[in-house]
Amino acid sequence: MSGVLKILFFLVLCVFTHFSWANDEQSYDRLYDWITNPIPFEPIETGTHLGLEDRSSILEALIPQSAWKYYIFDGMDMEIAATGVYPAPPDWGQHMNDDYHLDDRGVLVNFKGGGFPFRDIDGADPFAAQKVIWNMLWRPGQVDYVMPMTTWLRGEGGRLDRKLEFTSIASSYSRGDHCLVEGYEEVKTKRVMEFRSPRDMAGAKDMSISYVDHERENSGWMYMPSQRKPRRTLASERTSELMGMDMIREDINGFGGKVYENSWTYLGTKSVLATINVPDNPEAGGPHLWVPHKTRWEVRKAHVVLMHPTVDNHPYSSRIVFIDADTNWTLWMFAFDREDNYLLRMNQHYLKYSESYAYEMPQQAPYIKQDFSENVGHHVFLHLGESDINAKKPHATVTHCYVKKREFTEARAKQFYSLRNMVSGRR
Amino acid sequence: MKGYIKPHSCAVGICLFLFTNHLFAIVSLGTELEFEGFVKFQNILRTPKFKSAEAIMQRNTAQLEGKYYFLKDSQAFGLFNTGPVEEATLTVTGRGVYDSIYDVRSSYDHAFSKADGRYGRTEASLREAFVDVVLPPVTLRLGRQQVVWGETDGFRALDVINPLDLSWHWSRESWEDIRIPLWMARGIYDIGKFSWFDESFVEAIWIPTDFRENSISTDPRKPWAFTGNGLNKTANAIVKEGLLLDLDTEMRNRRPNKKLTNGQAGLRFKAIWGDIDFSLNYFYGFSADTGIRVQKHLSQTIDNTFYTVKDIVNPRTHVLGFTANYSDERFTQSVLRMETTFTTGIPVKVSADAPITADPDRDQYDTARRTVVMIAADRPTWIRALNKTRTVFLSSQIFWRHYVDYNQYYRGMSTVKQATFDGRVVSGKYITENTDLIDRDEFVMTFSASTAYGAAGLLKPTFVMAFDPRSTGAYNKLKVDYFWSDNILLRFQQHIYWRGFNNDPGPWGLGDIWGQTSENSRHETDLSIIFQF
């Protein structure tokens, strides 16, 4: 009898050990260890297709550990391309002002765009982390587009809970030594986003104005067809999930919050796999259809930035962002639950370089056809989508963006990005 | 029932169900034409005093909305250049309603006959039809439409351009669906930044001839008839000089008719000053609230009947308003809203026993001037005990209405009572009396809380409360939406009316007028299935 009990005890122990290991894989400590103690990996030949069999030799070294659970799966297919060089626009950095500086909290003061504020990142610099983030926040190509999107909200097993369609149109106003619209020098960007479906959201649109002054909160209005009037929105609440999606406003582009509401640490650079120049909006894969599948990846060197929210009631204990060291686009983001320091949310981004549109065209939005050939010549990245995963629910939001670069004229921007445009809508 | 539901109607319904069930979103025909809409099956169960239950509504609504993009990038129909006209679209919204309760409930057979036109059973209407034209810096919207001004939710101060259809479910529906669209022209001239102002524009509206009043049903056979505070009956008797007489009332329509001199117009300037978004508004129109003017000189008693003549009037009004909102990101993390109006020409009842100084025309009618001040706050708030992943959106308002030229003989809601004579109840006879003294200052407070639950936020509860501190009357609504799929929405709503003390009906249509102690109790449970595409 005691032998049976011993076996049972052993089995229970095994089960507990297994689960604790599985959960532990997504702890903050494990990701921190993964970053600070690199796993050696074998060199990868261009054109190689990585699968589950490459887990220990390559994948575990190049995919951040918190994401293994979703990105390494039976049947996976990652095509590896050579690490590309993606030049910024030829005039990038030519029209910058030079009278900007970081204050003692790491807040960028008086910068007006037109280039990266910090060309070189020195790991020993106490403000290195903030500088990486500022480069990301002022990167080229982040706006000036018409971007129809489709978003799938999926549960486990790929269960589709909701599908949303909406279009975002945004322009950068502050461009270094000049502003898109004269007299609006305080504005960084303006954006109008309108929902198309499902019908309960169709016609809902919001306008958001962000400012050059980082201390100043965005201004926002939302027009709801059921109310037939715009309503002022609050910008400083950034930690609630958005419209059923598995992201909060602060998660946008890895970090969309306020620099002064966090403490910062630069963790150096790290090689990671990234979907930085995909041929097309990738199909969804994995057991839950949450991650890109059968698409092109590159091994990229990324700055790793660790931040701890200083606000008491913030849902995150910490956030780790991987930002491409060459292009300053966010590749991966991991945010950990304040309650237990385990992964709460993560996102991973699919990008495409504008010049690749000359020989490789991605798909059109299902509801509008655009001339993507005009994207060529901009020398910027276009955001083709992202996976946002909530590890605790568990649930994911997969978004495809169908981006067309669009430069507004001053007159058109003035008319389009106006409160006047928000007093009526689709209905 | 046999005569109204036909097999081919069922087939059409089933096809419609299958069709909508496989539609995800807006239906596009080519790149110029889009359709969307919904089919809604709404069932309302009334539970008077929570002692019994009766099905009062089975309203089936189909709404189709079409949009035609006939002018894009200064090209009309893809054929010719339109110069400065950059864009134009045509939007048409049609709605059809069939309330099957009149066929399902046999008790309604007696209430309504074909001679009545089965009033309330069906509706087919062109809700909206307008052309949007973008001619920078001017935008125009021409046609039948809704225009909403102001910052207030659920009560009207500046939002007076379109009247409301209160006849079928009072104001308990989305106002988008019960506003009565009007034929009008709306033009906006965008100014942008000038002087201290940003995002500024001037808006003008002109309603040439299309006046409509708020639609209220007074037929007690209708489930949402408004018969005042008391019995759900129409007065058919009157006590005159100690005698109980039959009452015969002739209502004469003296509303503004459709001619250009009865036009209505409005002007609004909206801008941002500092971080304050504000507007100055003026509307010259007619009161959508109807007044009743008793023509005493035409009233007479013949035999046992008192004949009276009353005119239905909607006086001219001037509405002057100011609104503002401010997003306080730092201290309260709230959006603060305010609205204030000064309105003339508000029709008011005057007590029948008012002295001549209070009612010089002896018509039991006056027009008053009134001010409204509304202050409100919206706040997305973390209440982690209720929801760990999403904030709860809290919104509250205080609404203060003040009669500038107050008259102590002003009266509010009348009461229909059983007629008595010599201390005995007279069967089948009802009289009306009005002892509801209007308060010079009227208040109402509202509070709402909404959030979303579930992994994809598909379960959306909303709690609403409106409370009148003077009458202690209140209204509560609990609404829960569940998105079964992108096409199918299930909606549950519970409406409850109650009062703390006394028997003051108050001016807002809240409280026990439709609650626990009234003979007219209208607590309701509303279950709807909505197919949307």
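Q: Before we go on, how are residues and chains labelled?

A: Residues are numbered from 1 along each chain as its sequence is written, while chains are lettered from A and ligands numbered from 1 in the order in which they are written. As this is a predicted model, local features need pLDDT of at least 70 and side-chain atom pairs count only at pLDDT 80 or more, whereas totals for chains, interfaces and linings use all residues.

Q: And what does pLDDT look like in chain B?

A: pLDDT is the predictor's confidence in each residue, from 0 to 100. Chain B has a mean of 92, and 93% of its residues reach 70 or more. Watch residues 1-7 of chain B, though, where pLDDT stays under 50. Where pLDDT is low, the predicted coordinates should not be read in detail. For the model overall, ipTM is 0.93 and pTM is 0.93.

Q: Which share of the contacts in chain A joins residues 24 or more positions apart?

A: Two residues are in contact if their C-beta atoms, placed from the backbone, lie within 7 Å. Taking contacts in chain A with a separation of 6 or more, 61% are between residues 24 or more positions apart. For chain B, 62% of contacts between residues at least 6 apart in sequence join residues at least 24 apart.

Q: Is helix α5 of chain A enclosed or exposed?

A: Look at how many of its residues are buried. For α5(A), residues 128-137, that's ten of the ten, so the helix is largely enclosed by the rest of the structure. Its buried residues pack against several strands of chain A, including β11 (262-274), β14 (295-309) and β16 (330-337).

Q: Where do the buried residues of α3(A) fall, seen down its axis?

A: In α3(A), residues 55-62, the buried ones are A:I58, A:L59, A:A61 and A:L62. They fall within an arc of 165° (using directions from the helix axis to the C-beta atoms), so they line one face of the helix. Their cover includes β1 (49-50), β11 and β14 of chain A.

Q: Which residues have the most contacts inside the largest nonpolar core?

A: A nonpolar core is a set of buried Ala, Val, Leu, Ile, Met, Phe, Trp, Tyr and Cys residues joined through C-beta atoms within 7 Å. The largest has 101 residues, and A:V132, A:I133, A:V305 and A:F334 have the most contacts inside it. The element that gives the most to this core is α5(A), with seven residues. Another core, of 27 residues, lies apart from it and has B:A474 among its members.

Q: Where is B:A474, and what does it touch?

A: You'll find B:A474 in strand β27 (residues 473-483) of chain B. It counts as buried because it has 23 C-beta neighbours inside 10 Å. Not counting residues up to four places away in sequence, B:A474 touches several residues, among them B:F467, B:W498 and B:L510.

Q: How many residues of chain A are in contact with chain B?

A: On the chain A side there are 43, in contact with 46 residues of chain B. The largest share of the chain A side, four residues, comes from β6(A). By class, that side has twelve nonpolar, 14 polar and 17 charged residues. Here Ala, Val, Leu, Ile, Met, Phe, Trp, Tyr, Cys and Pro count as nonpolar, Asp, Glu, Lys and Arg as charged, and the others, Gly among them, as polar.

Conventions: Buried ≥ 20, exposed ≤ 12 C-beta atoms within 10 Å, placed from the backbone. Helix = DSSP H or I, 4+ residues; strand = E, 2+ residues; numbered from the N terminus.
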